[in-house]
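User: Hello! I am new to this structure and would like to learn how to read it. Could you walk me through it step by step?

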Amino acid sequence: MNLVASGLRRAYRSGAVSTEAIRNLDLEIEAGEFVAIVGVSGSGKTTLLNTLSGLDTQFEGTVRLGEHSLAELSESALARLRHRHIGFVFQDFCLLDHLSIAENVALPSYFGDLDVEPHKRATELLERVGLGDRLDALPTQLSGGQKQRVAIARALFCKPSIIFCDEPTGSLDRGTGLSIMQLFDELNRQEQLTLVVVTHEPHIADMAHRRIVIEDGEIIEDTAQTPEWPVTSDAGEARP
Ligand SMILES: Nc1ncnc2c1ncn2[C@@H]1O[C@H](COP(=O)(O)OP(=O)(O)OP(=O)(O)O)[C@@H](O)[C@H]1O
Ligand SMILES: [Mg+2]
């Protein structure tokens, strides 16, 4: 599904103070793209991601995902759209520590009926991200990179067409961050998954196919790029 934002504005108001976090922004992301959104702290990256992904509807302008205009959907229709079509990955993983990683991955099955057997699908996805032998582990028994793989498997559970990631490598060391980006790259290539990755780390943005630079709530650069894969000893063999 294509994602199209036009005339997007988002201001945070508190009393007499108003902060314009996104200012009159236009953006189009086509199905199958792998996009990095970069910018300094406070430039509006998270706000942009939240408005594009239907987590935050307090915006002006329009955001369309496929045929759906997000602002026109009821709360329940928007929740359904997110559940069915959108995956999320965050910096701090957002796993439930008292559930096994297989149960964490299958969590979306509690929020709507899907045409899959939850444990079977969770198992397949954990195998896909290299954790097929740790199904019963608790998140607390895993490294940061492994936790993020679990979060990615969970984001894939409902076969989304687009995944939004807010600083997915922000809590990881450089090598582990690269291996997470390699996984995203595979998912993008093999499953035509659309990926929108917010990061403040330039070397992470280098691995996407398009770079959008945001400054003070506006896009100041939007360029297609050939992905650059740094070779690092702890990331194993970096992909060409
Ligand atoms: N809930 C909020 N209430 C008021 N102002 C906010 C709120 N969230 C963000 N802002 C402001 O909006 C602007 C953009 O914030 P945002 O979190 O989108 O930036 P960011 O680029 O994601 O930063 P970072 O790299 O630190 O995560 C900043 O000036 C911030 O202070
Ligand atoms: Mg942010």
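**Reading the sheets and the ligand shell**

Analyst: Gladly! This is a predicted model. Let us begin with an open sheet of six strands, whose order is β6-β7-β8-β3-β9-β10 and whose pairing is mixed.

User: Which strands stand at the edges of this sheet, each with a single partner strand?

Analyst: Those are β6 (86-90) and β10 (218-224); each has a single partner, so one side of each is left without a neighbour in the sheet. On average, neighbouring strands here are turned by 15° against each other, direction ignored.

User: How should I read the pairing between strands?

Analyst: The general idea is that strands of a sheet pair through backbone hydrogen bonds, in either a parallel or an antiparallel way. In this structure, β7 (residues 162-166) and β8 (residues 194-199) pair in the parallel sense over five bridges. Within that pair, I163 has L195 in β8 as its bridge partner.

User: Which helices pack on this sheet?

Analyst: Among them is α1, which touches β3 (34-38), β7, β8 and β9 (210-215), with a direction at about 155° to that of β7. Helix α5 (residues 144-156) also packs on the sheet, where α5 touches β6 and β7 and makes about 165° with the direction of β6.

User: What is the order of the open sheet of four strands?

Analyst: That sheet runs β2-β1-β4-β5, with antiparallel pairing. Its edge strands, β2 and β5 (68-69), each pair on one side only. Inside the sheet, β1 (residues 3-14) and β4 (residues 60-65) are antiparallel partners over five bridges, and S6 has T62 in β4 as its bridge partner. Helix α1 packs on this sheet too, touching β1, β2 and β4, and its direction makes about 120° with that of β1.

User: Now the ligand. Which residues surround ligand 1?

Analyst: The shell is made of Y12, T19, A21, V40, S41, G42, S43, G44, K45, T46 and T47. By type, these residues divide into three nonpolar, seven polar and one charged.

User: Where do N or O atoms of the protein lie by an oxygen atom of ligand 1?

Analyst: One such atom is in the side chain of S41, 2.6 Å from a ligand oxygen. Taken alone, ligand 1 exposes 640 Å², and the protein buries 57% of that.

User: Which elements give two or more residues to the shell?

Analyst: They are β2 (17-29) and α1 (45-52). Helix α1 gives the most, with three residues.

Terms used
Residues are numbered from 1 along each chain as its sequence is written. Chains are lettered from A and ligands numbered from 1 in the order in which they are written. This is a predicted model: local features need pLDDT of at least 70, side-chain atom pairs count only at pLDDT 80 or more; totals for chains, interfaces and linings use all residues. Side-chain values use heavy atoms; hydrogens and water are left out. A residue is near a molecule or strand if one of its heavy atoms lies within 4 Å of it. A polar contact is a pair of N or O atoms within 3.5 Å; within protein, one must be able to donate a hydrogen and the other to accept it, and residues adjacent in sequence count only if both atoms are side-chain atoms. Accessible areas come from the Shrake-Rupley method with a 1.4 Å probe; for residues, only the protein chains shown count as cover. Ala, Val, Leu, Ile, Met, Phe, Trp, Tyr, Cys and Pro count as nonpolar, Asp, Glu, Lys and Arg as charged, and the others, Gly among them, as polar. Two strands pair if DSSP finds at least two bridges between them. Axes are lines fitted to C-alpha atoms, for helices over the stretch in contact, and angles run from 0 to 180 degrees between N-to-C directions. Contact means heavy atoms within 4.5 Å.
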